[in-house]
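Visitor: I am new to reading protein structures. Please take me through this one, feature by feature.

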Amino acid sequence: MSKEAPPPYSGAPAPGFNPPETYPPGTYPPAGHVGPQTTHHTEHRVMVTTGNIGGPLLVGPNPMPTVCPFCHSSIVSTVETEANTKTHLFALLLCVFGCWPCCLIPYCMESCQSKKHFCPNCRAFLGTFSD
């Protein structure tokens, strides 16, 4: 098997071909010079969702119709109540002032608890309402 150089190309350059810039031996391109570049255009798509930017949705005490920012479904939120700091403080104050039999009342009152909204499809947290 012989290792010969391929025959020289004698035709015209292909359309769209730009030969590289050449400089005499021992010289360099000027500082900051950028050689020929190929630009590629890429299409970017941005999806914009409505709601409170940078945080959860603004919600009320009752289930509300909305579009879930996570699964993008049209839903009516599911509401779950949960004891919060206010609930615990009221119970503690009732105990401190001698009403220890009544200290469980704040845990039964809707107004002393937080209402957390969730998406019924993907169970994503949407926001909290506190009185």
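Guide: Helices (H or I, at least four residues) and strands (E, at least two) are DSSP runs, numbered from the N terminus. Here, Thr 66 lies in strand S1, residues 65–67. This is a predicted model: local features need pLDDT of at least 70, side-chain atom pairs count only at pLDDT 80 or more, and totals for chains, interfaces and linings use all residues. Residues are numbered from 1 along each chain as its sequence is written, and side-chain values use heavy atoms, with hydrogens and water left out.

Visitor: Is Thr 66 buried or exposed?

Guide: Learn the scale. Buried means under 20% relative accessible area, exposed over 50%, and partly exposed in between (1.4 Å probe, protein chains only). Thr 66 has a relative accessible area of 18%, so Thr 66 is buried. Now compare sequence with space. Thr 66 and Cys 119 are 53 residues apart in sequence. Their C-alpha atoms are 9.3 Å apart.

Visitor: What is the order of the strands in the open sheet?

Guide: Pairing comes before order. Two strands pair if DSSP finds at least two bridges between them. The open sheet has three strands, in the order S3-S4-S5, with antiparallel pairing. S3 (78–83) and S5 (125–129) stand at the edges with a single partner strand each, so one side of each has no neighbour in the sheet. From one strand to the next, the twist averages 25°. Such angles run from 0 to 180 degrees between N-to-C directions, and the axes are lines fitted to C-alpha atoms, for helices over the stretch in contact.

Visitor: How many bridges join S3 and S4?

Guide: S3 and S4 pair over six bridges, in the antiparallel sense. One example is Thr 81, whose bridge partner in S4 is Lys 115. S4 (residues 113–118) pairs with S5 over four bridges, also antiparallel. There, Lys 116 stands opposite Thr 128. S4 and S5 form a hairpin with six residues between them. Arg 123, in the turn, has a positive phi of about 60°. As for cover, five of the six residues of S4 are buried.

Visitor: Which residue is the bridge partner of Phe 118 in S5?

Guide: That partner is Phe 125. Their rings call for another rule. Rings of Phe, Tyr and Trp (its six-membered ring) pair if their centres lie within 6.5 Å; planes under 30 degrees apart count as stacked, over 60 as edge-to-face and the rest as tilted. The structure holds one aromatic pair. The ring centres of Phe 118 and Phe 125 are 5.8 Å apart and the planes are at 65°, so the pair is edge-to-face. Phe 118 is buried at 14% relative accessibility, whereas Phe 125 is partly exposed at 36%.

Visitor: How many residues does helix H1 have?

Guide: H1 (residues 85–96) has 12 residues. The expected span of a helix is 1.5 Å times one less than its number of residues. H1 reaches 16 Å from its first C-alpha to its last, close to the 16 Å expected. Just after H1, Gly 98 takes a positive phi of about 90°.

Visitor: How many disulfides does a search of the whole structure find?

Guide: A disulfide is a covalent bond between the sulfur atoms of two cysteines. The test is a pair of cysteine sulfur atoms within 2.5 Å. The search finds zero.
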